Amino acid sequence: IELYQGVYTPLTRCYASRCPGDQTCYSHSCPRKFVSDTKRDTFQPATVTPNISNAPIPSSPSLPAASTLTPPPLPPPLTIKTNTTSTRQQQHSLWIHSVPRTIVCTTSLAERHRQEALYELIQTEIDFVGHLRYIKKCWIEPLSLQPQNESIVKHVFWNWLDILHVSTRLMEALVTRQQEDHRIRHVGGVLLAHVGQFEPFIIYGSHQMVGKFYLELEKKRNPRFAQFVKETEQRPESERLELNGYLTKVTTRLGRYPILLNTILKWTPAGHPDHELLGRVLEILEGLLLRLDGQVGQATHQFELEQISDRLLFNKFSAQQSLVKTRIIEGGGFSFFPSLEAHVINHLLYILHITYI
Amino acid sequence: MSSYNYIIKYIIVGDSGVGKSCLLIQFTDKRFNAGRELTIGVEFGTRFISVDDKQIKLQIWDTAGQESFRSITQSYYRGAAGALLVYDISRRESFEHISTWLADVRRHANPHTTIVLVGNKSDLDESKRQVTSEEAERFAKENGIALFLETSAKSASNVEEVFVKTAENVYEKIKSGEFTSNETSGIRLGPVQKSSLSEETQGGACC
């Protein structure tokens, strides 16, 4: 185990060849970073403590966990603030750091892998629910205080609270399972019971693109809303991620489940009950993703048609018409005559002249 | 506390198993996961780099798990300033699918998006190679792809270069005015502005 990655004085040259020297660079261990951090007080050599999650899986059972070995020097060390958002989530994200060492030592290598994969599933679910709650607390609730925001809240967040409900229940069930034993025996049953409730993911995902459109539109039209967005995105709870980053998390999460479950499955012995159950969960997830994909495609298509129809001065499409739009020119526009757009809609070729009125 | 001049958004696409998440983890965390520890890590990674004395925050979106769901991935293309199309040099099929990924990016991303072709797993033995670098280079040229590099997320070879060179290309476009900072270009101004290019100054800072 590496205890220290290095002790850097402000005069140490940064290893990054692109480091300008007189100011800090992208490297998370750039010595200049500490100069700017410590300038306020006094120049102190910065002690760099290793990130626990970077430590390799210990091969020797006699070694205590890295965290307990870190001495408390005076003045206290400046732990590197890393630039990666992932690191914060990884800090406690290894199973071997969460259980007593005797448990780790008495666990076979394959089982350790299985436990790590299970642990990752649960930790990422906790993170996911945390993000869902953040949106409720920092966005939906404050915006809902103003009645005039009702429509925009509905469009942007859609059935967010339903997803929060479903995912909280799954997360709680997984955490309960985790607390029963240091080594989780099985999760197949829990997952099977909950993925059947995942319908809100589809409902949300198929509306997401429309929600994003209304969000951007509202930011342009309503300066007070735009100000609220800007201020909220700068709050510490937002973790430097803009709203849109959170809005895509729901569909991203749905796509990540199969990856996580396949890893668990890979390390699950053949006779284990999870083998069959996880296979069934994976089938359900695949079906959900396929349906979501179809609905997203349909919703996008419908929305594009509505956008064209809204701009037509006559012959607007009626909602009942089943329209098929074939794009004959990318984006519909002619580069040599930008005010013209061409679309094939059903059996008709529309050449549209764009005027601003 | 660090400051930055721009946030640039990237997207990583390509077939399942070509190493998209591994490239991202290697770039942001400088480690390689051969399925030993974490499977997915993050949905997106961020890292700061400096280009031409400007601090740039890269925000990189990983599409892992959604490869077969084209309508879903489309939503990620909007507002990406850089798109990394990744294939596995030992899996010909993944290279042949690049034209489909390219068509998707061209259709849904901003027309100025910097597209980069990445042949991953260059650490593998030459006998396993199914796509020569000459062929990929030719493909890139014929299809107007700005950059082509072979990488190894395992050995870290060229990983830094891919991300940094993409940023340099995007930054050139910012300087020349091809890209402006807004929601759809995938570029936003950072909270601290020292640049002569800056269009606005924002208060507050975050790291």
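View 1. Asp104(B) is buried, having a relative accessible area of 13%, where buried stands for under 20%, exposed for over 50% and partly exposed for values in between (1.4 Å probe, protein chains only). This residue belongs to helix H4 (residues 98-108) of chain B; helices (H or I, at least four residues) and strands (E, at least two) are DSSP runs numbered from the N terminus. Apart from neighbours within four places in sequence, Asp104(B) is in contact with Arg70(B), Tyr77(B) and Ala109(B), contact being heavy atoms within 4.5 Å. Arg70(B) in turn lies over the face of Trp101(B), at 4.0 Å from the ring centre, under the criterion that NZ of Lys or CZ of Arg is within 6 Å of the ring centre and within 35 degrees of the ring normal. The model is predicted, with local features requiring pLDDT of at least 70 and side-chain atom pairs pLDDT 80 or more, while totals for chains, interfaces and linings use all residues. Residues are numbered from 1 along each chain as its sequence is written, chains are lettered from A and ligands numbered from 1 in the order in which they are written, and side-chain values use heavy atoms, without hydrogens and water.

**View 2. Helix H7 of chain A and its packing partners.** Helix H7 (residues 160-180) of chain A has 21 residues and reaches 30 Å from its first C-alpha to its last, close to the expected 30 Å, a span taken as 1.5 Å times one less than the number of residues. Its buried residues include Trp160(A), Ile163(A), Leu164(A) and Gln178(A). The buried residues of H7(A) pack against several helices of chain A, among them H5 (109-144), H9 (199-221) and H12 (249-266).

View 3. The rings of Trp139(A) and Phe228(A) are edge-to-face because their centres lie 5.6 Å apart and their planes at 90 degrees. This pair links distant parts of the chain, with Trp139(A) in helix H5 and Phe228(A) in helix H10 (residues 223-233) of chain A, 89 residues apart. Tyr10(B) and Phe163(B), by contrast, are stacked, with ring centres 6.1 Å apart and planes at 10 degrees. Tyr10(B) lies in strand E1 (residues 6-14) and Phe163(B) in helix H6 (residues 159-175) of chain B, so the pair ties together parts 153 residues apart in sequence. Tyr10(B) is buried at a relative accessible area of 0%, and Phe163(B) is likewise buried at 0%.

View 4. The side chains of Glu111(A) and Arg114(A) meet in a salt bridge (3.1 Å, N to O), defined as a side-chain nitrogen of Lys or Arg within 4 Å of a carboxyl oxygen of Asp or Glu. Both residues lie in helix H5 of chain A, three residues apart, about one turn of the helix, and both Glu111(A) and Arg114(A) are buried. Glu111(A), Arg114(A) and Asp274(A) are linked in a network of salt bridges. Glu276(A) and Arg280(A) also meet in a salt bridge (3.5 Å, N to O); Glu276(A) counts as exposed at 52% relative accessibility, and Arg280(A) is partly exposed at 41%.

How values were computed. Rings of Phe, Tyr and Trp (its six-membered ring) pair if their centres lie within 6.5 Å; planes under 30 degrees apart count as stacked, over 60 as edge-to-face and the rest as tilted.
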